[in-house]
Amino acid sequence: MLVLFETPAGYALFRMADESKLADADDIHRHFATPDAANKTVKLKAFSKFENTADALAAVTALVEGKLSKGLKSFLTTELSEKDMKEKFAVGDSKLGNAIAKKFNITVVADQGTQELMRGIRSQLSSLLSGIQESDMNAMILGLSHSLSRYKLKFSPDKVDTMIVQAIHLLDDLDKEVNTYAMRVKEWYGWHFPEMTKIIVDNVAYAKIIKAMGTRTNAANADLSGILPEELEAELKDAAEISMGTEISEEDIENITHLADQIISISEYRAQLYSYLKHRMAAIAPNLTCLVGELVGARLIAHSGSLLNLSKQPASTIQILGAEKALFRALKAKHDTPKYGLIYHASIVGQAGPKIKGKMARVVATKAALAIRVDALGEGESIDPETGAPTVGVALRAKAEDRLRQLEGHARVSVNAGAPAFAGKAKQARKFEFNAASSYNTANDAVPAQVDASSSRKRKAPEENGHANGDREEEEAPKKKKEKKEK
């Protein structure tokens with residue numbers, strides 16, 4: 001029986017003299033208890049060494065996939081004779097055994113006994129292979145295992161989405177710290193110069209002014225042109241002359257300046273971190289970034305844990321990602337479920353009107369699901385080699401913007417009360433207004449001149465009665481309407 005054994009150094013072909021030892025799989029380990037016993041059980045027939053790490057990686061990759069590599073094919077073709085073809089051939093992988101049996105028309109064995117045989121050969125490999133030290137073999141095993149892991153994961157330093165998760169969390173923490181420090185420094189310095197809080201709104205500019213000016217008495221001589229425009233600088237200096245704040249000591253202004261330095265340094269690091277996150281998102285998820293932006297895309301990835309986990313989510317889940325509490329609260333109370341979560345902060349959703357934000361969130365979530373899958377599972381085919389722009393993301397954003405324009409046009413038509421499709425609804429929704437009956441104008445009556453007085457009186461009486469009855473009917477009509485409305 002011939003035995004094929006794969007090592008990090010190359011392919012080894014052993015010959016086993018006594019096949020009956022494989023009958024009892026539990027006793028095979030006894031034949032490999034010592035190096036001498038192992039050499040009596042199997043003997044090396046041929047060995048094919050890998051030329052470099054690339055060849056070893058290609059061979060191991062083919063073995064993992066159960067395929068017959070070119071190197072193994074040429075090795076078996078050279079070493080197997082017609083006599084060897086009639087013997088049994090033991091391999092560790094059944095898929096590889098099927099490929100070998102199909103190619104060389106040989107009887108392949110891959111059962112539990114074969115697995116125990118491979119385990120025994122592996123335990124005494126250094127004694128069975130002459131010329132290879134155990135330390136060198138261990139180094140080959142370590143290097144090949146790392147190469148195989150990188151190949152399986154398709155590892156690339158630019159494709160590590162863990163950096164995005166950590167960066168967006170740190171960015172949020174820095175925003176909270178800056179806001180906390182800015183609130184503290186405004187309350188602290190506000191006792192000395194309270195008018196400055198209303199004039200200067202930006203936190204970083206407020207801290208820089210404190211550092212450049214110190215106390216408000218130095219405002220007239222301080223040069224703030226590099227921080228503020230001329231109008232604000234003049235307004236600030238005028239307010240410093242008539243300020244109603246209290247006086248503070250040099251020790252107080254020193255501690256306030258230290259706090260202002262912290263705000264400035266954190267803000268600068270925050271800008272640097274945002275630039276890093278922007279470039280990392282452009283490398284890992286360019287199509288998602290083009291569609292929803294860096295911050296929203298990074299928050300979606302961080303909320304899911306990784307880009308691969310996010311790519312497995314349907315569009316309906318991506319739409320409400322980040323609004324889980326509101327979703328379960330609505331389901332528990334049997335209210336309307338939320339229409340959007342983190343995707344609400346996307347620029348396209350923000351451009352939509354209040355009535356169509358839900359529809360736009362659904363459209364953007366659908367496009368984002370496609371963009372995420374291209375970024376996570378694609379091999380870079382979506383990047384234009386000339387411009388470097390994500391073609392899929394640009395196309396999806398164009399479709400989303402087109403849909404936004406359509407929805408805005410539909411909304412304008414629906415608001416128009418003169419549209420025929422909505423005329424009936426507008427008429428039904430119109431509030432009931434009571435219109436009083438118009439009074440009868442007697443000046444419109446004309447009496448013929450050549451008519452007998454008696455006949456004119458007879459004619460006039462029924463006419464007056466008729467007009468009176470008409471007036472009564474007109475007055476009673478709105479009363480009946482009121483009664484019906486009250487009922």
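Tutor: One term to begin with: contact means heavy atoms within 4.5 Å. Also keep in mind that this is a predicted model.

Student: Okay, which residues is Ser 306 in contact with, leaving aside its neighbours within four places in sequence?
Tutor: Those would be Asp 161 and Ile 301. As for its place, Ser 306 is in the loop between helix H15 (294–304) and helix H16 (307–311).

Student: Why does Ser 306 count as buried?
Tutor: The cut-off for buried is under 20% relative accessible area. Ser 306 comes in at 16% relative accessibility, so it counts as buried.

Student: What makes you say that Lys 357 has no salt bridge?
Tutor: A salt bridge needs a side-chain nitrogen of Lys or Arg within 4 Å of a carboxyl oxygen of Asp or Glu. For Lys 357, the nearest side chain of opposite charge is Glu 408, and that is 9.2 Å away. No salt bridge there, then, although Lys 357 is buried.

Student: Where is Lys 357, and what does it touch?
Tutor: Lys 357 belongs to helix H20, residues 357–377. Not counting residues up to four places away in sequence, Lys 357 touches Tyr 340, Tyr 344, Val 349, Gly 350 and Ala 352.

Student: Last one: why are H11 and H13 called oblique to each other?
Tutor: Helix H11 (residues 203–213) and helix H13 (residues 250–284) pack at about 140 degrees, their axes 9 Å apart. Roughly antiparallel takes an angle over 145, and roughly perpendicular runs from 65 to 115. H11 and H13 are therefore oblique. Residues making the contact include Ala 207 of H11 and Ala 260 of H13.

Technical notes. Residues numbered from 1 in each chain as written. Predicted model: local features only at pLDDT ≥ 70, side-chain atom pairs only at ≥ 80, totals over all residues. Heavy atoms only, no water. Helix = DSSP H or I, 4+ residues; strand = E, 2+ residues; numbered from the N terminus. Buried < 20%, exposed > 50% of the residue type's maximum accessible area, 1.4 Å probe, protein only. Lys, Arg positive; Asp, Glu negative; His and termini not counted. Axes fitted to C-alpha atoms, helices over the stretch in contact; angles between N-to-C directions. Parallel < 35°, antiparallel > 145°, perpendicular 65-115°, else oblique.
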